[in-house]
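Hi everyone, thanks for making time for this. I'd like to walk you through some side-chain contacts, so please have the model open and follow along.

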Amino acid sequence: MVFRLFKFFFLFLIFTTPSYGDNLDCFLENLKFVKTLKIVFSQKTKLPISDDEVESYRGVIYYKRPSKFLWKYTKGSDIFVISDGKFLEVVFPEDRECQLTEVNESSEFFPLFKILDAPSKFYQFFKVSDLGSGEFVLEPRYEKSTFERIYLVVDKSCNLKLFKTVQIDGTESKYVIKSFEENVKLEDNLFKLIPCGN
């Protein structure tokens, strides 16, 4: 009798627990143990006003949990973004200008940082559709998102291979992950904001 109850309970769990693919769940589980990252990527961005025009970039992201990052382009742009966890700064070196905003609960980071900061809240933040072969579509559940859809491709080894965003204004950006190094040594001065105008 006890065995039958256990078997019923086990089958109930299998059929009622949402599963979005081993690749994605494995990727999210691995992220729980990540404190720092170095991500090298290539990017192609398509703007809605010029359908056939695609801008290409290369760059690197240094990330430290929670909410500290440096996003630098190595090709295509000299703009970079820094967050020290309290403030976010977008720097335009050519114009010697920057924009500074406070980081708080209502701040919307790039969706990848939302995932990295809180992988255990992933399914609270996003509605997920599994397209098969390790490809997933995410729709933000949180309010006032500027992103309509996000696409993830995770391989069988639980590695993120591609990240694509579609903004509400129609801007599409595809990020191909060239390398994803976990728990690398990063100094805090890497995330130090710079004075605007210098």
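Let me begin with what I mean by a ring pair: two rings of Phe, Tyr or Trp count as a pair if their centres lie within 6.5 Å, and for Trp the six-membered ring is used. One thing to keep in mind throughout is that this is a predicted model.

Ring pairs link F41, Y57, Y63, F69, W71, Y73, F110, F113, F147, F163 and Y175 into a cluster. Over the whole structure there are 20 aromatic pairs. I'll pick out two of them.

Start with F41 and Y73. Their ring centres are 6.1 Å apart and the planes stand at 75 degrees, so this pair is edge-to-face; the cut-off for that label is an angle over 60 degrees. Where do F41 and Y73 sit in the fold? F41 belongs to strand β1, residues 36-46, while Y73 belongs to strand β3, residues 68-75, so the contact ties together parts that lie 32 residues apart in sequence. Both F41 and Y73 are buried.

The other pair is F110 with F113. Here the centres are 6.3 Å apart and the planes are at 65 degrees, so F110 and F113 are also edge-to-face. F110 has a relative accessible area of 16%, so it counts as buried, and F113 is buried too, at 2%.

While we're on rings, zoom in on K114. Which rings does K114 lie over? One is F125, where K114 lies over the face at 4.6 Å from the ring centre. Another is Y142, where K114 again lies over the face, at 4.6 Å from the ring centre.

Now for the charged pairs. How many salt bridges does a search of the whole structure find? The search finds five, and I'll show you some of them.

K32 and E29 meet through their side chains in a salt bridge, 3.1 Å from N to O. K32 is partly exposed at 42% relative accessibility, and E29 is partly exposed at 38%.

Next, D188 and K64 form a salt bridge, also listed at 3.1 Å from N to O. This pair links distant parts of the chain: D188 is in the segment after β11 (172-182), K64 is in strand β2 (residues 54-64), and the two are 124 residues apart. D188 counts as partly exposed, at 42% relative accessibility, and K64 is partly exposed with a relative accessible area of 22%.

Then there is E172 with K164, where the closest N and O atoms are 3.6 Å apart. E172 is partly exposed at 29% relative accessibility, and K164 is partly exposed at 23%. Coming back to K64 and D188, salt bridges that share partners join K64, K68 and D188 into one network.

Last stop: helix α2, residues 22-31. Which residues of α2 are buried? They are N23, L24, F27, L28 and L31. Around the axis they cover an arc of only 125 degrees, which puts them on the same side of α2.

Methods. Residues are numbered from 1 along each chain as its sequence is written. This is a predicted model: local features need pLDDT of at least 70, side-chain atom pairs count only at pLDDT 80 or more; totals for chains, interfaces and linings use all residues. Side-chain values use heavy atoms; hydrogens and water are left out. A salt bridge is a side-chain nitrogen of Lys or Arg within 4 Å of a carboxyl oxygen of Asp or Glu. Buried means under 20% relative accessible area, exposed over 50%, partly exposed in between (1.4 Å probe, protein chains only). Helices (H or I, at least four residues) and strands (E, at least two) are DSSP runs, numbered from the N terminus. The arc is that of the directions from the helix axis to the C-beta atoms. Rings of Phe, Tyr and Trp (its six-membered ring) pair if their centres lie within 6.5 Å; planes under 30 degrees apart count as stacked, over 60 as edge-to-face and the rest as tilted. A charge sits over a ring if NZ of Lys or CZ of Arg is within 6 Å of the ring centre and within 35 degrees of the ring normal.
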